[in-house]
Structures are given as C-alpha cells and as structure tokens.
Amino acid sequence: MKKIITLTATCLVAIAAVAHEKADIEVSYTASQPSLMSGKVEKSNQYILIANASESKFYSPMTEYLDSLESTPEGQAKYKEMSRNAFMSGNQDKMPRRDGRYYVMKSANGNGMTTYDVNGLEKYVMVEPMPELDWQITETTKEILGYECQKAVATFHGREWTVWFTPAIPIMNGPWKLGGLPGLILEANEPSGLYSFTATGIQAASREILPVYSADAYEPIDRKEFLKLKRKMADNPISSMNAQLSGLGISIKSAGNAMQHKPREEADFIETDY
C-alpha cells in the first residue's frame with residue numbers, strides 16, 4: 001500500500017512548534033450538497049483542507065481567490081474586467097463565480113473553531129469550541145487513495161455521519177467541521193445522501209495558514225441564529241432580500257412562488273439542530 005505522507009512522533013513535535021504558521025498537508029475534497037429548491041443533489045463544490053497537527057483551514061480555492069480580489073481596489077478592477085470580458089464574449093462559463101462560500105478555521109491551541117459564511121448579501125462569523133464528537137470506531141476498513149481507512153460513526157449537529165479515517169496520517173482533522181479521530185478523515189457522508197465529502201487528492205505542503213480575506217467585514221453571530229436567518233431566506237427569499245437591500249433603496253418584485261425552497265423535512269442545511 002502506498003504511503004504518500006508519513007508523520008512520525010518527532011515530526012509532530014516539529015509541526016506543533018509552527019502550528020500557527022505553516023500547514024504540512026493539503027487534501028482536496030469534493031463536497032456534495034442539495035439544492036434546497038429541488039431537494040436533490042445537483043452540484044458539488046471543490047474544497048481543500050490545509051492542516052498540521054493543531055491548526056487547519058477548510059475552504060474553496062476559487063472563493064478565496066475572488067475574495068482576495070475584492071479585498072483591494074486593484075483586485076476589484078480586475079474582477080470587474082474578468083466579468084466584463086466574459087459578458088462581452090457571450091461565454092457565461094468564464095464568468096468568475098464562487099465555488100462554495102464558507103471557511104472553517106480550527107485551532108487546538110485554545111482558539112476553537114471559527115466559521116465564516118454568508119446569507120444572501122450579508123457576511124457572518126461564528127466562533128465555537130472545538131467539537132467533541134462521540135465517535136464509535138468500528139473494525140470495518142476500506143482503501144481510499146491508497147490508504148487503509150477505518151469506519152467511524154457519530155451524530156453531529158442533527159445529522160449522523162459515517163466517516164472513513166486513516167491512522168497512517170495522524171492528524172485529527174477532516175473536511176468541514178469534522179475531526180477528532182486518531183487519523184485524517186478522507187470520506188464522510190450522512191444517511192440522506194444529500195451531504196458528503198470525498199477526498200480526491202493528498203499532497204505534502206509547506207504553506208502558511210492565512211486568515212480569511214476581509215475577515216473584519218463578517219458580523220459575529222450565534223451559529224443557530226445564523227441557521228435560522230438562512231432558513232428564513234430560503235422560506236421567504238424575496239422579503240429577506242428586500243430587507244437586506246432596503247438600505248440601498250433597491251427592491252425586488254416577483255410574482256408567485258418561483259423561488260420557494262423545499263420544507264425542512266425534504267431538504268435542510270448540513271446542520272439541522274436549529
């Protein structure tokens with residue numbers, strides 16, 4: 001069995017010494033999620049996890065790139081030029097679009113877990129303690145990307161998650177908010193089949209775990225309150241968007257319920273405990 005990355009105890013000590021600065025591993029994941037309008041999985045996003053023994057960042061590279069552009073006047077000009085060129089050429093596929101909107105930063109050094117997310121036009125940040133999941137580790141194994149992985153099951157924020165982790169990479173982390181196992185999580189899914197994370201590549205890395213661009217533009221909020229706001233947006237999109245646009249003197253008018261989303265019983269967010 002191939003071993004792309006092996007972390008020894010000596011290496012982990014060295015990693016911990018620079019945990020606040022460098023990541024030593026990069027994992028690519030495909031993240032599937034449902035459309036709340038159809039209640040079916042219709043798209044997936046590409047995320048990466050950069051991590052070391054104590055800190056990590058889970059994010060969409062495309063989203064971070066566009067956020068980086070919008071963080072400076074020069075970048076904003078480039079963003080507008082890219083959009084204009086795509087529009088003028090009639091090639092909508094070249095229009096710059098974010099691929100997944102949230103960032104999850106984890107720190108085992110006392111900083112907990114910080115999630116950056118959006119609801120319509122508004123940006124929010126949520127700070128929580130590091131999750132302590134009650135994992136039930138089984139003897140079942142399978143191979144993912146050349147690594148022997150063990151199966152584990154736990155309930156987290158309203159959903160039951162089945163994950164596959166590899167002790168060969170002794171980093172207690174994984175996609176999104178999942179982690180806390182004696183090895184890196186390479187695959188995760190829940191019974192409805194609406195949400196899943198699948199590792200598509202692993203490589204060694206030596207790069208800084210940078211903060212989120214324009215982090216001060218995100219308003220602090222409680223996690224459950226944020227989910228309630230998102231659900232309100234899903235259930236009443238026009239009125240919610242008009243409330244956000246009111247300060248700009250803009251309003252949206254729509255006939256019927258063309259934008260109505262499925263009820264919670266048919267399609268809900270990845271966290272359902274709100």
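Q: Contact here means heavy atoms within 4.5 Å of each other. On that basis, against which elements do the buried residues of α2 pack?

A: The model is a predicted one. In it, the buried residues of α2 pack against β3, α3 and β4 (103-107). Those residues of α2 are Thr63, Glu64, Leu66, Asp67, Ser68 and Leu69.

Q: Which residues of α3 are buried, and where do they lie around the helix axis?

A: An α-helix has 3.6 residues a turn, so residues three or four places apart point the same way. In α3, the buried residues are Gly75, Tyr79, Ser83 and Ala86. Viewed down the axis of α3, these buried residues fall within an arc of 75 degrees, so they line one face of the helix. Their packing partner is α2 (61-70). On the face of α3 turned away from the buried side are the exposed residues Pro73, Glu74, Lys80 and Met88.

Q: What span should helix α3 have, and how far apart are its end C-alpha atoms?

A: Helix α3 covers residues 73-89, which is 17 residues, and at 1.5 Å a residue it should span 24 Å. Its end C-alpha atoms are 24 Å apart, in agreement with that expectation. After α3 comes Gly90, with a positive phi near 75 degrees.

Q: How many strands form the sheet, and in what order?

A: Strands of a sheet pair through backbone hydrogen bonds, either parallel or antiparallel. Here 12 strands form an open sheet of mixed pairing, ordered β7-β8-β9-β10-β11-β1-β2-β3-β4-β5-β6-β12. Its edge strands, β7 (136-144) and β12 (219-220), each pair on one side only. Helix α4 packs on the sheet, where it touches β5 (112-119) and β6. The direction of α4 makes about 20 degrees with that of β5.

Q: In which sense do β1 and β2 pair, parallel or antiparallel?

A: The pairing of β1 and β2 is antiparallel and extends over 10 bridges. Within it, Val27 stands opposite Leu49 of β2. The hairpin of these two strands has 6 residues between them, and Gly39 takes a positive phi near 80 degrees there.

Q: How many bridges join β2 to β3?

A: There are 4 bridges between β2 and β3 (residues 55-59), and the two strands run antiparallel. They form a hairpin with 3 residues between the strands. Ala51 stands opposite Ser56 in β3, while the bridge partner of Ile48 in that strand is Tyr59.

Q: Which residues touch the most other members of the largest nonpolar core?

A: A nonpolar core joins buried residues of nonpolar type through side-chain atoms within 4.5 Å. The largest such core has 48 residues, among which Trp161, Trp176 and Phe197 touch the most other members. Several elements each supply at least two residues of this core, including β1 (22-34), β9 (159-166), β11 (196-208) and α4 (223-235). Its largest share, 5 residues, comes from β8. A second, separate core of 11 residues includes Ile48, Ile50, Tyr59 and Met105.

Q: Is Gly183 buried or exposed?

A: A residue counts as buried under 20% relative accessible area. Gly183 has a relative accessible area of 0%, so it is buried. Gly183 lies in the loop between β9 and β10. Its C-alpha atom is separated by 4.2 Å from that of Pro167, although the two residues are 16 residues apart along the chain. Leaving aside residues up to four places away in sequence, the contacts of Gly183 include Phe165, Pro167, Ile169 and Met172.

Note on methods
Residues numbered from 1 in each chain as written. Predicted model: local features only at pLDDT ≥ 70, side-chain atom pairs only at ≥ 80, totals over all residues. Heavy atoms only, no water. Buried < 20%, exposed > 50% of the residue type's maximum accessible area, 1.4 Å probe, protein only. Expected span 1.5 Å × (residues − 1). Arc of directions from axis to C-beta. Pairing = 2+ DSSP bridges. Axes fitted to C-alpha atoms, helices over the stretch in contact; angles between N-to-C directions.
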